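Welcome to this short tour. Please open your viewer and have the selection tool ready.

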Amino acid sequence: MVPTVEQVGDDERFNKYAFGCVAVASMVNIIFGYDTGVMSGAMLFIKEDLGISDTEQEVLAGIINLCALVGSLAAGRTSDYIGRRYTIFIASILFMLGSIFMGYGPNFPVLLLGRCVAGLGVGFALMIAPVYSSELASAKSRGFLSNLPELCIGIGILLGYISNYLMRQFSLKLGWRLMLGIAAVPSLALALGILAMPESPRWLVMMGKLENAKKVLLQVSNSEQEAEHRFKDIKHAAGLDENTPDDITVNKVTQKNHTGEGVWKELLVKPTPCVRWMMIALVGLHFFEHATGIEAVMLYSPRIFKKAGVTSKDKLLLATIGVGITKVFSLIASTFLIDKMGRRRLLLISTAGMIFALGVLGFSLTMADKSSEKLLWTLTLSIVATYTFVAFFNFGLAPVTWVYGSEILPLRLRAQGVSIGVAVNRAMNAAISMSFITIYEAITIGGTFFLFAGIAIIAWIFFCVFLPETKGKALEEMEMLFTKKSSTNVAAQTDEMS
């Protein structure tokens, strides 16, 4: 019996070089997170300075996700052609250009243009960072390393909230422009830094650059034996014989694995039962991540706290910083637990906690809305429920969506399959961020969070039924796992019919 990757190599949890590469690549998500966090507070000042309406605020908040949808779909094919590393480079450049436009922002149209350009960068970043991380990591540490992009988003959001509070003291015209424009500096630094990182070994194999792929694997593995086993698994997944010589010509591989050829057909038009099951799990995860209302809390938390009874602008921004701190600490906890507890268990605990927190938040905001005077207990309960919801969301659903989604698809389908998931993710994000104010004005803010709680219950049932555990499985073993899962369900259906 051939030993698996988990049975070879050192006892180290992860390779330090692999950790460094993934950490640098994940920095692009700090910039995205910063943009999300800083916009929640900046909109308070933008509304006052430019005099924009509630509808224009919804458009400004949501347009970045519609553009991210386009960016994520383009990123899948782009990363298959030019590589994972250069796709991260493009994301960084788009962020830089978007930040410059937003920082300049003399009027609403230019500000909106900056959000659109940054949105394309968001789509590229959200698609490529988890794919690059999962393809560089070994099975034993993949959950830990693949969670770094999500942790970086949390850190970025917190930095955005802190930036709102610190820069509130600047003049009205300068303050919000500085909040948004300063992100151009780290974007440029990252664009230059990512060029020093290695390419994904799995992409190199897919392109026929076997010798280069093996060199990268020797760098990111804990031993030569582990690198050799991973190399054989990757070659097998790419449709090559395990004993294929390292100096094979590019043409011999690409004729067999032409990037992008027939991928959309295999994913959406005529998928195998295994791939269909993978896509249901992938799309469902990305749909429910935002359908349960997290964007309403992260983007409109100042409005929520204002409805609960916080009136001072300074106190609103401070309460929002608490949301960011809660998010980061929960993500840190999940980063260390995801490989121990498993994806499925973490997800179910997280969603159950979210259901409880959303129900409590809906109740407290309803009571605050119906009261003619300020109630301390509803204010306290609303803040605690908000923090609890953010904590449970980031403990499981947030990290598992990106880790699970980037690891289940076969190599030939991974980049473009993940891009479909990210497109669904951004579409739901845009739907929530562009309609939240309209919805809560129609059914009350408390009623809106009761609606999110109902959706979370459906999500919990979906996760129970459709998501098998992937902890400890090599990327090349996922097809076997989902084949067993789909075969079990087909057999069950047959038994029921008979």
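Start by selecting helix α15: this helix gives the second largest pocket the largest share of its lining, 6 residues. Helices here are DSSP runs of H or I with at least four residues, numbered from the N terminus. This is a predicted model, where local features need pLDDT of at least 70, side-chain atom pairs count only at pLDDT 80 or more, and totals for linings use all residues. Residues are numbered from 1 along each chain as its sequence is written, and side-chain values use heavy atoms, without hydrogens or water.

The space inside comes to about 320 Å³. Of the 16 lining residues, L44, K47, P302, R303 and K306 are the closest to the centre. (A pocket is an open set of points on a 1 Å grid over the protein atoms alone, where a 1.4 Å probe fits, with protein on both sides within 12 Å along at least five of seven lines; lining residues have an atom within 4 Å of a point.)

Next, select S79, in helix α2 (residues 54–82). Is S79 buried or exposed? S79 counts as buried because its relative accessibility is 0%; buried means under 20%, exposed over 50% and partly exposed in between, with a 1.4 Å probe and protein chains only. Beyond its neighbours within four places in sequence, S79 is in contact (heavy atoms within 4.5 Å) with R84, T87, M127, I128, W203 and A415.

Finish at T444, in the loop between α20 (436–443) and α21 (445–466). T444 is not a glycine, yet has a positive phi of about 75 degrees. Most residues other than glycine have a negative phi. At 37% relative accessibility, T444 is partly exposed.

Terms used. Helix = DSSP H or I, 4+ residues; strand = E, 2+ residues; numbered from the N terminus. Points joined across faces, edges and corners; volume = space filled by probe spheres on them.
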